[in-house]
Amino acid sequence: MLATVADPDTGAVNPTRVIETAVQAEESGYDGVYVGDHLLHPHAMLESMVTLAAVAASTRRISLGPCVMLFALRDPLVLAKQLGRFSRGSGGFRRLRRPWWPTAPAGAARPLPSAA
């Protein structure tokens, strides 16, 4: 899990550190790195899809994805476009989970279309 939340003492978010950590994880043999997905968080936080795109541009082999994607809190058309473009441009997600909320609306998680 990449540290995409701001330092609570300084309020600073360091995107360079996130990318460097992902590259180091890939070079160390890890098979995946993930980011959190929060739209309402008490501290500043990097947006998950933008962060994943930046990490994808700096890595080649490692699996990337959100730890959990909060489908129900996002515009479904925008998210579908983001996920589809990211999947095609980065070689594809290998893991994308359903929302973890036990109260998530039925059908909130949708399968990704194949990148065929």
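What share of the 116 residues of the protein chain count as buried? The answer is 33%. This is a predicted model, and the walk below starts with its overall layout.

The protein chain has 3 helices and 2 strands. Read from the N terminus, the elements run α-β-α-β-α. The chain exposes about 7,300 Å². Carbon and sulfur atoms supply 56% of that area.

Confidence comes next. The chain averages a pLDDT of 77, and 78% of the residues score at least 70. Among the elements, α1 has the highest mean pLDDT, 93. The lowest mean, 80, belongs to α3. Over residues 97-104, pLDDT stays under 50. The model has 15 contacts beyond four places in sequence for this stretch. Over residues 107-113, pLDDT again stays under 50, and here the model has 10 such contacts. Where pLDDT is low, the predicted coordinates should not be read in detail.

The largest nonpolar core has 17 residues. Which of them touch the most other members? They are L2, V33, V55 and L64. The core draws on several elements: α1 (15-27), β1, α2 and α3 each supply at least two residues. The largest share, 4 residues, comes from α2. In soluble globular proteins, nonpolar side chains tend to be buried together.

Turn to the charged side chains. How many salt bridges does the structure hold? It holds 2. In one of them, the side chains of D37 and R74 meet at 2.3 Å, N to O. This pair links distant parts of the chain. D37 lies in the loop between β1 (32-35) and α2 (48-58), R74 in the loop between β2 and α3, and 37 residues separate them. R74 also meets E47 in a salt bridge, at 3.1 Å, N to O. That pair, too, links distant parts of the chain: E47 sits in the loop between β1 and α2, 27 residues from R74. Together, D37, E47 and R74 are linked in a network of salt bridges. Side chains of opposite charge can pair when their charged atoms come close.

E47 has 29% relative accessibility, so it counts as partly exposed.

Why does F71 count as buried? Its relative accessibility is 10%, and the cut-off for buried is under 20%. F71 and D37 are 34 residues apart in sequence, yet their C-alpha atoms are 9.7 Å apart in space. L73 has its place in this loop too, between β2 (63-66) and α3 (76-90). L73 counts as partly exposed because its relative accessibility is 41%.

With L39 and L40, L73 makes a nonpolar surface patch of about 320 Å².

Technical notes
Residues numbered from 1 in each chain as written. Heavy atoms only, no water. Patch = residues over 30% accessible without salt bridge, like charges linked within 9 Å, V, L, I, M, F, W, Y side chains within 5 Å. Areas by Shrake-Rupley, 256 points an atom, 1.4 Å probe, with all protein chains shown as cover. Salt bridge = Lys/Arg side-chain N within 4 Å of Asp/Glu carboxyl O. Buried < 20%, exposed > 50% of the residue type's maximum accessible area, 1.4 Å probe, protein only. Core = buried A, V, L, I, M, F, W, Y, C linked by side-chain atoms within 4.5 Å. pLDDT = per-residue confidence, 0-100. Contact = heavy atoms within 4.5 Å.
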